[in-house]
Amino acid sequence: MAAGRDRKNNRKEAHRYLPYIRTAVVVLVIAGMIVLIWLIVSPFIERRRESRLNAAEASSSAALTSDPEKEDGSGSAGREKIPDGMSVRYETPGWQHDENGWWYACDDQTCYVNGWITIKDRQYHINGYGYMDTGWVAIGGKGRYFEKDGTYNENADSSKLLALTFDDGPCKYTPDLLNVLQQHNVTATFFMLGTQLEQYGAQTVPKMAELGCQLGNHSYDHKTMTKLTTAECVEEFQKTDQLIKSYGATEGSSVVRFPYGSFTTEQKQQVGKPNIYWDVDTSVYSTGDAAAFVSNVEKNITGGNIILINEGKEAVPEAVNQLISDLTGQGYQFVTVEELAAAHGYRLEDGVTYYGFSEEDVSAGRVTDQ
């Protein structure tokens, strides 16, 4: 009987502490839920905090003026009303993105434009249209390089940049040539003929644009322009531009190259686009020999060169593949003519002829005809 009374007393004692145990369990469960919620929510709170800090830091680097950049390329970005066609899609203040690139909304009414901004100790440059610059950009007469995320790389080297330029196409070998460029992640500039575009434009122009190549105009049917009137010359280039546009490049060509490098001053001015010459020629058009082509190019390379290649030979894709492999192994990089010019501090201007950007071109005073 004594043992029975002890068990009964023990049960009473256990029931006496049961409410405290239940309370402790509830407290632990609530505490666990709070910790879990905090782990889920805190990253979002931190990102919002960083966004506000970034916005404040960027705001402190911009003057409230519409045209702040100085001739030497210095000056913090100003603020302007967000232009038509640009719409705020994300949180403000902060970065926005559309089909033309990244831009920074100060609020839902204004954006940064034309100058430098600093965010989290990283420098960015906003162009005159309000978009973040990437790649090589000419600012204040100097080449500046911006990474794909827009951050400024002051240590980028422009001395071993080259521009491959292809004339007289597109042709039946151009798709293979574009595959070579894609394989090496290389861009080039194509100076196209209207007669060739009528046959091969549909299968080549969209791919050129997709790869980031520069679209150039080489006239309609490769006449010697100095034997034509200025009006006839202009018509040659206009017809080709219309064809380029018809294959999806809505703005047409951005640069021209006159057949045989032959033109008058009036023709050049009336055509009204940057005129691209060259400082390294190749023999591939006449020989069709890949090895001779590569040898001819490599012995003339110094960096900053505009390389002329006629693409109408079967050997061209193979030769270009070998050339790119050889020269990238030596530290060279391939860019469009526009990028090459920007890397050396030049913004391509309408009606101006550009011959090359090598040290030899610079020392001889023949970068341009101005």
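The bend at a residue is the angle between axes fitted to the seven residues ending there and the seven starting there. This is a predicted model, where local features need pLDDT of at least 70, side-chain atom pairs count only at pLDDT 80 or more, and totals for chains, interfaces and linings use all residues. Residues are numbered from 1 along each chain as its sequence is written, and side-chain values use heavy atoms, with hydrogens and water left out.

Select helix H3, residues 194-211. Helices (H or I, at least four residues) and strands (E, at least two) are DSSP runs, numbered from the N terminus. Centre the view on Tyr200, where H3 has a kink of about 90°.

Now colour the buried residues of H3, among them Leu197, Tyr200, Thr204 and Met208. Buried means under 20% relative accessible area, exposed over 50%, and partly exposed in between (1.4 Å probe, protein chains only). Their cover includes helix H2 (174-184) and helix H4 (230-246).

Next, pick Tyr129, in the loop between strands E6 (122-126) and E7 (135-139). Tyr129 counts as exposed because its relative accessibility is 68%. Beyond its neighbours within four places in sequence, Tyr129 is in contact (heavy atoms within 4.5 Å) with Met86 and Val113.

Finish at strand E15 (306-310), where 5 of 5 residues are buried. Ile306, Leu308 and Asn310 lie on one side, Ile307 and Ile309 on the other.

Conventions
Expected span 1.5 Å × (residues − 1).
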